[in-house]
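Keep the 3D view open as you read.

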Amino acid sequence: MDKIVVWGGVPLRGEVTVSGSKNAALPLLFASLLTADECRLGRVPQLADIRTALRLLRDLGVQYDWLSDTEVALKADAVHHLEAPYDLVKTMRASFLVLGPLLARFGRARVSTPGGCAIGARPVNLHLDGLQQLGASVRVQQGYVEAEAKRLHGAHISLEFPSVGATENLMMAAALAEGTTVLNNAAREPEIADLALLLNDMGAQVSGAGSSTVIIEGVPTLHGTEHTVIPDRVEAGTFLIAGAMTSGDVFVRGSRGDHLQAFLAKLREAGVNVEETADGIRAHYSQRPTSVTLSTEPYPGFPTDLQAQMMALLTLSDGQSMLTETIFENRFLHAQELARLGADIRVHGNTAEVRGVAFLSGAPVMATDLRASVSLILAGLAAQGVTEVSRVYHLDRGYERLEEKLSQLGANIGRVKSEK
Ligand code: EPZ
């Protein structure tokens, strides 16, 4: 129950290095279950969610060692348990991504269903339908998915929605299936292409990742490899907004513009100066942002994981912005908390009308989910006075050393550890 305290009004200036991507690292860690050989992953961020994933892998029987602060070696040659328990899956729903690899390599798995989440119902029907089409028998009992298959076989699967998780689970399952799998309407996020890169380095035959049609030629076995996780595009976007909304000048070293085109286009539309180089992205701005209208979409559209941060920026715009959230049905929880800092936001269903105000003023606010929590930190950085953000355990799930990195840019920020 730590709190983060921000003394606002300081323009952020300087350089910060982006960490490895949480949403790429999680499926990459679980892909180590597909082989008995050692897999080495570099640029793995130190996050609560990564620790949860490693705990789950250890409980399944996977050995792992941190070779450095950012490199981990994993070896799944003594897997003795094929169950992912409720207490871990409810802590981190991406744990559900062990289902595909366990089923593909060991022929059966028992994985808790993730249950609901603050930002939406988030069912897993597309994962289960796809695994059934690959020949698995699947039943849900007492909150657990029980799946079995002697050997999965290839299939033509058309996803109703380009779900990131379903695409990742099915890619890993199909990698060891007999025959060819075609995933139509697959997710196109950079994290999918990164997973395909790792699988192919392990000996798989995946083509088309990054497009909406992914083809997987199953192979009998996979081997170990080394892989470096892609940079975290959501963390990078967050720092660029921090620079823009504090009238600052920030360079995010290691970030990739090609992963952020829809976001950078909206940042530019809001008037922010953005420069993309081979080494990273720079954002600098000293005026009031211009209002914009945006709608979150599956990649390559505007990322839902940067919607809350963009809303924080637009609370200070010179007009009225309209934000539509099309991916999750309940992802405006930060709006009420931003209103406590003086923002003028009206939510109508999945659209938020943000009327720009001249300034924000610090206040105690509460985090509700990962991206909502960082939008409150961003607003606190721009606000006059002191902002206290409680329940920052949400933040620690997805941001590595956030206060340290922001202090590096000149922010006046600190963490108050809870007595407990
Ligand atoms: C991934 O979640 C990310 N998480 C999320 O980031 C991100 O917001 C999301 O993709 C969308 O980009 C990780 O990669 C660990 P989906 P995922 O399956 O895979 C519906 C963050 O902040 N759906 O693409 O769970 C679902 O309800 C997190 O870092 C079904 O209906 O997302 C949602 O409305 C939050 N049935 C939509 O699809 C299914 O079987 C998108 O979900 C699966 C999904």
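## A first stop: L88

In which helix does L88 lie? Look for helix 3, which spans residues 86-91: L88 is found there. Bear in mind as you explore that this is a predicted model.

Is L88 buried or exposed? Its relative accessibility is 1%, and buried means under 20%, so L88 counts as buried.

## Around the ligand

Now turn to the ligand. It is surrounded by 20 residues, and the closest are N125, S163, V164, D305 and I327. Sorted by class, this shell has nine nonpolar, six polar and five charged residues.

A polar atom in the side chain of S163 sits 2.6 Å from an oxygen atom of the ligand. For D305, an N or O atom of the side chain is 2.6 Å from a ligand oxygen atom. With I327 the backbone takes part: one of its polar backbone atoms is 2.6 Å from an oxygen atom of the ligand. On its own, the ligand has 830 Å² of accessible area, and the protein covers 85% of that. Helix 1, helix 5 (125-133), helix 6 (164-175) and helix 12 (370-382) are the elements that give two or more residues to the shell. Which helix gives the most to the shell? That is helix 5, with three residues.

## An enclosed space

Next, some empty space. Rolling a probe the size of a water molecule over the atoms shows where such space is left. How many cavities of 30 Å³ or more does the structure hold? There is one, and the volume of the largest cavity is about 30 Å³.

The lining of this cavity is made up of S21, K22, N23, E191, D232, R233, V234, D305 and R371. Two elements give two or more residues to the lining: helix 1 (22-31) and helix 8 (233-245). By class, the lining has one nonpolar, two polar and six charged residues.

Let's zoom in on T246. This residue lies in the loop between helix 8 and strand 15 (249-253). With a relative accessibility of 7%, T246 falls under the 20% limit and therefore counts as buried. A polar atom of the T246 side chain lies 3.1 Å from the backbone nitrogen of L12.

## A last stop: T290

Where does T290 lie? Look in the loop between strand 17 (280-284) and strand 18 (293-295). T290 has a relative accessible area of 31%, which is between the limits of 20% and 50%, so this residue is partly exposed.

T290 and S255 are 35 residues apart along the chain, and 24 Å separates their C-alpha atoms.

How values were computed: Residues are numbered from 1 along each chain as its sequence is written. This is a predicted model: local features need pLDDT of at least 70, side-chain atom pairs count only at pLDDT 80 or more; totals for chains, interfaces and linings use all residues. Side-chain values use heavy atoms; hydrogens and water are left out. On a 1 Å grid over the protein atoms alone, a cavity is a set of points where a 1.4 Å probe fits but cannot get out, and a pocket is an open set with protein on both sides within 12 Å along at least five of seven lines; lining residues have an atom within 4 Å of a point. Grid points are joined across faces, edges and corners, and a volume is the space filled by probe spheres set on the points. Helices (H or I, at least four residues) and strands (E, at least two) are DSSP runs, numbered from the N terminus. Ala, Val, Leu, Ile, Met, Phe, Trp, Tyr, Cys and Pro count as nonpolar, Asp, Glu, Lys and Arg as charged, and the others, Gly among them, as polar. A residue is near a molecule or strand if one of its heavy atoms lies within 4 Å of it. A polar contact is a pair of N or O atoms within 3.5 Å; within protein, one must be able to donate a hydrogen and the other to accept it, and residues adjacent in sequence count only if both atoms are side-chain atoms. Accessible areas come from the Shrake-Rupley method with a 1.4 Å probe; for residues, only the protein chains shown count as cover. Buried means under 20% relative accessible area, exposed over 50%, partly exposed in between (1.4 Å probe, protein chains only).
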